[in-house]
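Colleague: Could you walk me through this one slowly? I would like to learn how to read it.
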Amino acid sequence: MASSFQLLLLLLGVSFSLALPTNTSKPFTHPEPRVNFDENCKCGRKNAGRIVGGVETGVNEWPWQAALMAGSQQFCGGSLINDRYVLTAAHCVDRLTASRVSVRLAEHDLAISLETTLVSRSVSQIISHPGYNSGTEENDIALLKLTSPVEVDSTVLPVCMPPPNPTYAGRTATVTGWGTTSSGGSSPNTLREVDVPVLSNSQCTRTGYGSAIKSTMLCAGRTGKDSCQGDSGGPLVFKDGGGNYDLIGIVSWGYGCGANGYPGVYTRVNKYLDWIKTNTADGVYCRGMKL
C-alpha cells in the first residue's frame with residue numbers, strides 16, 4: 001500500500017518505484033580444481049639415446065611412454081602425465097573395464113623382461129571423454145588412473161602439457177610406439193620413433209579426409225612417415241623453446257599408414273586441458289606444467 005507521502009508525489013506528477021529486495025549474493029560456482037605440483041620434478045625431459053619410416057629409440061629415451069597391456073599383449077600406447085594418470089585414446093579402452101587393462105612404464109623391448117627396470121601398474125579407473133564418438137572419432141581421449149602412484153625418476157617421467165593456443169602447423173613433432181611398421185604388417189618388439197611434419201587443419205581438410213577433420217584434431221605425417229596400428233593412444237610430442245617435450249597429440253585414426261595424401265590424425269591435446277585438469281586433481285604434476 002502506498003504511503004501518504006507517495007500519494008502526494010503522485011498528485012504532484014512525480015513518478016516513483018518501489019524498491020524490491022535483490023539477491024546480492026554471488027552465484028554458486030564450482031571451485032577451480034587444485035593442481036598439485038612436485039617442485040623436484042621437471043616434466044618432458046628426454047633421455048639421451050638415439051612406426052612407419054622410423055627408427056628404434058634408445059632404452060628409456062622417452063620416459064613418459066606407456067604400454068597398455070591386456071595380459072601379456074601390448075595393444076595401445078599412452079603417456080604418463082603425472083604420478084597417477086596416463087593419457088591415451090578413448091578408442092583404445094572403449095567398452096573395456098579397468099580390470100582388463102594394465103600399464104607398463106620404462107618399457108622398451110616387449111620380448112625382454114630384464115633389459116630395463118619395468119614399472120607396472122594395474123588400472124583402477126578408466127575415464128573416457130563423455131563426448132567420445134566412435135563413428136567420427138571426435139573427443140578420442142581417455143585417462144587411466146593407476147592403482148598407486150609411480151615414483152618419478154629419470155626412467156619414469158611425465159610429459160609436459162602443451163600451452164592452450166599453438167596449432168603447431170609447420171612444426172616437426174615426434175611420435176613413438178610399438179605399432180606395425182606398415183599397414184597390416186608386423187609389430188616390432190622395440191619402441192620406435194619417427195619425426196613427422198604437422199599440417200594446419202585447413203591443409204588437412206584438403207586431403208582425402210575432407211570435412212572429417214575437426215578443430216579438436218591435429219594432422220601430422222607425410223608419405224612413408226606415420227604412426228600405425230598398435231601406436232594408438234601414444235604420444236605425439238613437440239620440443240618447446242625451453243627444451244621440454246610437450247604432448248601435443250594422441251594417436252587417434254587415419255587411412256592406412258604413411259599413405260600418400262592421408263597423414264595421421266591425432267587428438268589435439270590443448271583442446272582438452274580443462275577436462276584433463278578437472279579429472280586428475282588427485283595426481284601430482286611436475287612443476288612447470290602449463291595447467
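Predicted model: local features only at pLDDT ≥ 70, side-chain atom pairs only at ≥ 80, totals over all residues.

Colleague: How many salt bridges does the structure hold?
Modeller: There are three. Besides the one between Glu-61 and Lys-46, the side chains of Arg-104 and Glu-107 meet in a salt bridge, at 2.8 Å from N to O, and Glu-107 counts as buried with 4% relative accessibility. Another joins the side chains of Asp-282 and Lys-145, with an N to O distance of 2.8 Å. That pair links distant parts of the chain, 137 residues apart.

Colleague: Where do Asp-282 and Lys-145 sit?
Modeller: Asp-282 lies in the loop between helix 4 (273–279) and strand 15 (284–287), whereas Lys-145 belongs to strand 8, residues 142–146. Asp-282 is partly exposed, its relative accessible area being 40%, while Lys-145 counts as buried at 17% relative accessibility.

Colleague: New topic, then: which residues touch the most other members of the largest nonpolar core?
Modeller: That core has 47 residues, and the ones touching the most other members are Ile-81, Leu-87 and Ile-276.

Colleague: What does Leu-87 touch, if we don't count residues up to four places away in sequence?
Modeller: Leaving those out, the contacts of Leu-87 include Ile-81 and Ile-276, and also Gly-78, Ser-79, Ile-141, Leu-143, Leu-247 and Val-269. There is also a second, separate core of 13 residues, with Tyr-168, Val-198, Leu-218 and Tyr-266 among them.

Colleague: Stepping back, how many helices and strands are there in the protein?
Modeller: The secondary structure comes to four helices and 15 strands.

Colleague: And what share of the residues is buried?
Modeller: Of the 291 residues in the protein, 49% are buried. As for the surface, the protein exposes about 13800 Å², and carbon and sulfur atoms supply 51% of that area.

Conventions:
Residues numbered from 1 in each chain as written. Heavy atoms only, no water. Core = buried A, V, L, I, M, F, W, Y, C linked by side-chain atoms within 4.5 Å. Buried < 20%, exposed > 50% of the residue type's maximum accessible area, 1.4 Å probe, protein only. Contact = heavy atoms within 4.5 Å. Salt bridge = Lys/Arg side-chain N within 4 Å of Asp/Glu carboxyl O. Helix = DSSP H or I, 4+ residues; strand = E, 2+ residues; numbered from the N terminus. Areas by Shrake-Rupley, 256 points an atom, 1.4 Å probe, with all protein chains shown as cover.
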